[in-house]
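Selected residues follow at the end.

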Amino acid sequence: MKKADLYIILTVLLPALIGAALLYGTNTKYQSMTAEIYLAGELSDIIPLAQGVDEITIHSGEKGYNILRIEADGIYFTEANCQSQICVKSGKFYHPGQMLICLPHRVLVRLNGQAERGIDAIAY
Amino acid sequence: MHTNHEKVKRLSLLGILLAFTIVIGLAERMIMLDGIAPGMRLGLANLAIVISLYTFPPRDTLLLIVLKCLTTALLAGSMIALFYSLAGSLASLLVMVLLIKVKNLSIIGVSVAGAAFHNLGQILVARFIFGTWGILLYLPLLLIAGTISGIIIGLLAKAVRPRISAFIKATY
């Protein structure tokens with residue numbers, strides 16, 4: 001390991017660590033969270049999480065579907081008819097700005113919301 | 001006769017490296033780190049790419065990358081995977097070819113930079129597939145994991161490379 005190696009590692013790692021800390025480091029509670037559902041890049045639906053437990057089926061293309069479970073504090077996929085099942089394995093998401101994605105079906109669900117203290121948890 | 005031996009050795013070593021990338025690439029599909037980011041993998045197959053880059057001219061490594069991406073996409077049966085892996089591998093190769101000439105930079109730094117550009121290339125493809133820049137929010141986690149696996153690959157390549165150059169230089 002030489003000195004320049006360290007510079008490269010720091011150039012990559014520092015912004016990434018700061019970004020990750022901004023994204024996931026906050027323990028704030030969020031209010032008025034919504035789930036935005038995008039199909040092939042286009043916004044198709046916005047669902048408020050406040051309504052509590054609900055399951056919706058997202059249809060993509062001719063045969064593709066993903067079942068999204070919406071709870072008051074977060075969302076996750078319970079089922080999908082794809083081979084990889086990556087979206088189901090990804091687990092539950094709690095933070096605004098986080099995204100659940102299904103690569104084969106081109107489905108993207110983004111959490112939106114504001115921190116309770118009135119300051120944006122994430123600036124982007 | 002001598003040059004023929006060299007050619008055969010080069011060809012066989014490239015074949016071994018290609019086989020390595022394909023097998024490791026498929027094996028890695030079983031231990032994907034989906035909890036962190038969808039489809040995230042260790043990227044150990046890039047060990048062969050780094051070794052090839054330090055052993056053969058860049059065009060040989062380019063060939064290796066294209067063949068690896070095509071074969072893996074065919075075996076996985078996914079055209080989308082082809083776009084992701086090509087974008088990542090080519091971006092990574094480009095930056096490594098440039099950095100390899102920089103003095104004071106060892107195989108570890110080159111490998112880490114390669115890993116970072118692999119992530120950047122893939123996230124750019126994802127941006128166009130999903131149609132939103134919001135996908136960039138995955139980048140911090142990808143870069144952290146990429147740095148770690150880049151360091152590991154760099155260390156491994158550092159250990160393996162002298163043995164391979166000995167194989168290349170040995171005459172029969």
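## Chain A

Chain A exposes about 6,900 Å², and carbon and sulfur atoms supply 54% of that area; accessible areas come from the Shrake-Rupley method with a 1.4 Å probe, and for residues only the protein chains shown count as cover. The model is predicted: local features need pLDDT of at least 70, side-chain atom pairs count only at pLDDT 80 or more, and totals for chains, interfaces and linings use all residues. Residues are numbered from 1 along each chain as its sequence is written, chains are lettered from A and ligands numbered from 1 in the order in which they are written, and side-chain values use heavy atoms, with hydrogens and water left out.

The secondary structure of chain A consists of two helices and seven strands, where helices (H or I, at least four residues) and strands (E, at least two) are DSSP runs numbered from the N terminus. Their order along the sequence is α-β-β-β-β-β-α-β-β. Chain A has 124 residues, of which 44% count as buried (buried means under 20% relative accessible area, exposed over 50%, partly exposed in between, with a 1.4 Å probe and protein chains only). Of the contacts in chain A between residues at least 6 apart in sequence, 38% join residues at least 24 apart; a contact means heavy atoms within 4.5 Å.

## The interface

How many residues does each chain bring to the contact? Chain A and chain B each contribute 31 residues. The area buried between the chains is about 2,700 Å², with 73% of it from carbon and sulfur atoms; this is the accessible area (1.4 Å probe) that two parts lose on being put together, summed over both. On the side of chain B that touches chain A, helix H4 (79–99), helix H5 (107–130) and helix H6 (139–169) each supply at least two residues.

The residues on that side of chain B divide into 20 nonpolar, nine polar and two charged. In this grouping Ala, Val, Leu, Ile, Met, Phe, Trp, Tyr, Cys and Pro count as nonpolar, Asp, Glu, Lys and Arg as charged, and the others, Gly among them, as polar. Four residue pairs are in polar contact across the interface, both residues at pLDDT 80 or more. A polar contact is a pair of N or O atoms within 3.5 Å; within protein, one must be able to donate a hydrogen and the other to accept it, and residues adjacent in sequence count only if both atoms are side-chain atoms.

## Selected residues

Most residues other than glycine have a negative phi.

| Residue | Phi | Relative accessibility |
|---|---|---|
| A:Ala40 | near 50° | 42%, partly exposed |
| B:Asn104 | about 65° | 55%, exposed |

A:Ala40 sits in the loop between strand S1 (30–39) and strand S2 (42–48) of chain A, and B:Asn104 in the loop between H4 and H5 of chain B.

B:Lys68 belongs to helix H3 (residues 58–76) of chain B. Is B:Lys68 buried or exposed? B:Lys68 is buried, because its relative accessible area is 11%. Leaving aside residues up to four places away in sequence, B:Lys68 touches B:Leu18, B:Thr21, B:Ala45, B:Asn46 and B:Ser89. B:Ile24 lies 44 residues from B:Lys68 along the chain, with their C-alpha atoms separated by 11 Å.

B:Ala145, in helix H6 of chain B, counts as partly exposed at 25% relative accessibility. B:Ala145 and B:Ala116 are 29 residues apart in sequence and 9.3 Å apart in space, C-alpha to C-alpha.
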